Amino acid sequence: MPTVIFVRPGGDRRPVEVGEGVSVMEAAVDNGIDEILAECGGNTTCATCHVFVCANDLDRMPAVSELENEMLDGTAEPRRATSRLACQLVADPALDGLTVYLPETQC
């Protein structure tokens, strides 16, 4: 089972096992990662699951879709080169060990 490491704004690291095919957003919500609001439930319409992917993991990420790209322009915390929506990152063995940094705010 792939593991995703969530890094909270204060630096606390929380590894979470994520079932294959489950989004990083769903894993966060199911495991009490309160910094992920997920108001739209993973429909790419709210950007409240904004995360910053570790730069070392960027080459393993799926491409950003046009819709995700648009939503990232409206995040509460300014977009970075490593910004992604956690609802668009689906766990598979290739993402094992993925590290995502949580923003200070989602709204």
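**Notebook: fold, core and a few buried residues**

I started with secondary structure and counted 2 helices and 5 strands in the chain. The model is predicted, and I read every entry below with that in mind. Along the sequence I get the order β-β-α-β-α-β-β.

**Entry: overall dimensions**

I looked up the extent of the C-alpha trace next. Along the principal axes it spans about 30 × 30 × 25 Å.

I then checked burial. Of the 107 residues, 46% are buried. For the accessible surface I noted about 5300 Å². Carbon and sulfur atoms hold 47% of that surface.

Contacts by sequence separation came next. I took those with a separation of 6 or more; residues 24 or more positions apart account for 67% of them.

Charges: I have 7 positive and 18 negative side chains. The centres of the two sets are 6 Å apart.

**Entry: the nonpolar core**

Which residues have the most contacts inside the largest nonpolar core? I find Phe6 and Ile36, in a core of 27 residues. Five elements each supply at least two of its residues: β1 (3-7), α1 (24-30), β3 (50-53), α2 (66-72) and β5 (98-101). The helix α1 gives the most, with 4 residues.

**Entry: Thr99**

I placed Thr99 in strand β5. Is Thr99 buried or exposed? Its relative accessibility is 7%, under the 20% cut-off, so I log Thr99 as buried. Beyond four places in sequence, Thr99 touches Ile5, Val7, Arg13, Phe52, Val53, Cys54 and Asp57.

Ala38 has a phi of about 55°. Thr44 has a phi near 60°. Where do they sit? Ala38 is in the loop between α1 and β3, and Thr44 is in the loop between α1 and β3 as well.

I checked burial for both. Ala38 has a relative accessible area of 13% and is buried. Thr44 is at 6% relative accessibility and also counts as buried.

**Entry: Cys87**

Which loop holds Cys87? I find Cys87 between β4 (83-85) and β5. Cys87 is buried, because its relative accessible area is 10%.

I listed its contacts beyond four places in sequence. They are Ser23, Met25, Gly42, Thr44 and Cys49. Thr44 ties this entry to the previous one: Thr44 is in contact with Cys87 and has the positive phi noted above.

Last, I took one C-alpha distance. Cys87 and His50 are 37 residues apart in sequence. In space their C-alpha atoms are 8.6 Å apart.

Definitions and conventions. Residues numbered from 1 in each chain as written. Predicted model: local features only at pLDDT ≥ 70, side-chain atom pairs only at ≥ 80, totals over all residues. Heavy atoms only, no water. Core = buried A, V, L, I, M, F, W, Y, C linked by side-chain atoms within 4.5 Å. Buried < 20%, exposed > 50% of the residue type's maximum accessible area, 1.4 Å probe, protein only. Contact = heavy atoms within 4.5 Å. Areas by Shrake-Rupley, 256 points an atom, 1.4 Å probe, with all protein chains shown as cover. Lys, Arg positive; Asp, Glu negative; His and termini not counted. Charge placed at Lys NZ, Arg CZ, Asp CG, Glu CD.
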